[in-house]
Amino acid sequence: RASSMGCGYAKPTPPASGSATREEDSCSVSRRVAARLAVANVAAQLSQQIPVPLQLSPSPHPDCAHDKRVGDGLGLDPRVGETKARLRRWRDCLDGAVAMYAKHASELSSDTKGRLALVMPELDDWVSEGAWIGAPAVGGAVRGEAARLSAIADLVRTAREKVADGSARELHAARQCVTVGIAELQGLETLACSACKERDVAARALRRALTARTGLEEELARARAAGNKRRAALVAKAEGALYSAESDIFSAEDLRRRADERLRQLHDEEAPTVLRAADKALIECEARLSAWAALVRAEYARLADGVSVSLDVQPGPSTLTQPDAPAGSDRFGAMLLHWTVAKRRCEEAKVRCEAFRRHGLESAMAPRGEAARLAELADACASEGLAVEVQALVL
């Protein structure tokens with residue numbers, strides 16, 4: 001084999017076991033090849049599998065994260081937790097109301113298809129483009145009603161935009177007041193949690209130091225009972241360790257005393273101050289809400305006055321004139337053209353009415369869910385008068 005491979009030297013092999021060695025080598029090679037083929041097959045199967053995206057757990061709500069971090073048993077006034085829950089409820093209600101009014105104003109301003117306002121430009125075009133063949137008085141009335149609907153739609157759009165702007169301004173200011181109160185209360189809870197953790201650490205250190213002192217006192221007793229040659233060294237060592245344990249006990253007791261003093265200070269001095277600040281935040285929040293209610297009420301009154309004026313306006317005398325009917329065969333063609341235009345305009349107006357009925361009838365004046373949002377705000381109010389005032393804002 002060596003000569004056929006071009007080597008100049010071949011290691012001699014025993015003739016008796018040569019065939020067995022070759023069989024073992026071929027079996028070993030077969031096993032290695034089979035193992036490589038199995039690995040390649042598994043790799044091919046894995047490469048053909050669709051990768052599963054990593055499922056990330058949603059981030060916890062900041063309120064839940066804070067409550068989980070501080071836990072219970074802080075030793076604070078129960079009013080701290082009650083006031084915090086009330087402020088959080090205010091914040092959520094205000095966020096929902098601001099988002100609702102902003103979304104409604106955005107929908108009205110971006111309503112390019114006119115589905116959220118009842119307007120009939122097709123009827124006005126029908127009369128204005130010269131294809132009207134009915135009575136001039138009827139054509140003037142149709143044009144007047146189309147103009148009236150357009151004016152009312154403009155009034156509604158303006159009112160809702162002003163309500164949305166006022167809501168964003170006043171309700172955001174109310175939310176800022178609530179946010180400050182929540183931050184004060186959560187800051188107090190964080191400080192109390194830190195003091196409780198320091199007290200627990202000090203308590204564990206004190207237990208370890210007391211246990212160590214007990215063991216060292218026993219060791220000192222054994223050292224004093226030892227022989228004369230070793231007694232002095234053992235006693236000195238035990239007394240040194242006992243002194244160190246006494247020092248650790250003093251440090252742990254001092255740390256626990258300072259933690260208890262900090263908790264007492266938080267409970268007796270800082271908690272009342274924070275509660276007063278939270279109550280002030282609630283008062284300022286309700287004051288902002290009252291200002292917002294007055295703004296909305298004024299806009300609704302202005303809208304009602306504008307709609308009343310639009311409804312009271314009577315159309316003036318029609319300037320339309322009855323067109324002269326063509327004679328002969330042209331008369332039939334002209335009438336066919338006019339009736340075709342009339343049919344198209346009426347169908348377009350019908351489509352617009354159907355779109356308004358499906359999409360805009362419930363939210364033409366007020367956003368969807370306004371009554372429920374206002375009920376939530378009213379339920380959160382401490383003042384009964386303000387609660388009635390807010391709930392009556394449903395348009």
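The largest nonpolar core has 44 residues, of which Trp90, Leu94, Leu289, Trp292 and Leu377 touch the most other members. A nonpolar core is a set of buried Ala, Val, Leu, Ile, Met, Phe, Trp, Tyr and Cys residues joined through side-chain atoms within 4.5 Å. Buried denotes under 20% relative accessible area, exposed over 50%, and partly exposed the range in between (1.4 Å probe, protein chains only). Two or more residues come from each of α3 (78-109), α5 (136-224), α6 (228-312), α8 (370-380) and α9. The largest contribution, 13 residues, is from α6. Helices are DSSP runs (H or I, at least four residues), numbered from the N terminus.

The model is predicted: local features need pLDDT of at least 70 and side-chain atom pairs pLDDT 80 or more, while totals for chains, interfaces and linings use all residues. Residues are numbered from 1 along each chain as its sequence is written, and side-chain values use heavy atoms, without hydrogens or water.

Leu377 is in contact (heavy atoms within 4.5 Å) with Trp90, Cys93, Leu94, Ala97, Leu289, Trp292 and Val390, leaving aside neighbours within four places in sequence.

The structure holds 1 aromatic pair, defined by ring centres within 6.5 Å (Trp by its six-membered ring). The rings of Tyr101 and Trp292 lie 5.9 Å apart between centres, with planes at 65 degrees, so the pair is edge-to-face (over 60 degrees). Tyr101 is in helix α3 and Trp292 in helix α6, 191 residues apart. Both residues are buried.

Helix α9 (residues 384-391) buries Leu386, Ala387 and Val390. Viewed down the axis, these buried residues fall within an arc of 105 degrees, taken from the directions from axis to C-beta atoms, so they line one face of α9. Exposed Glu384 and Val388 sit on the face turned away from the buried side.

How values were computed: Rings of Phe, Tyr and Trp (its six-membered ring) pair if their centres lie within 6.5 Å; planes under 30 degrees apart count as stacked, over 60 as edge-to-face and the rest as tilted.
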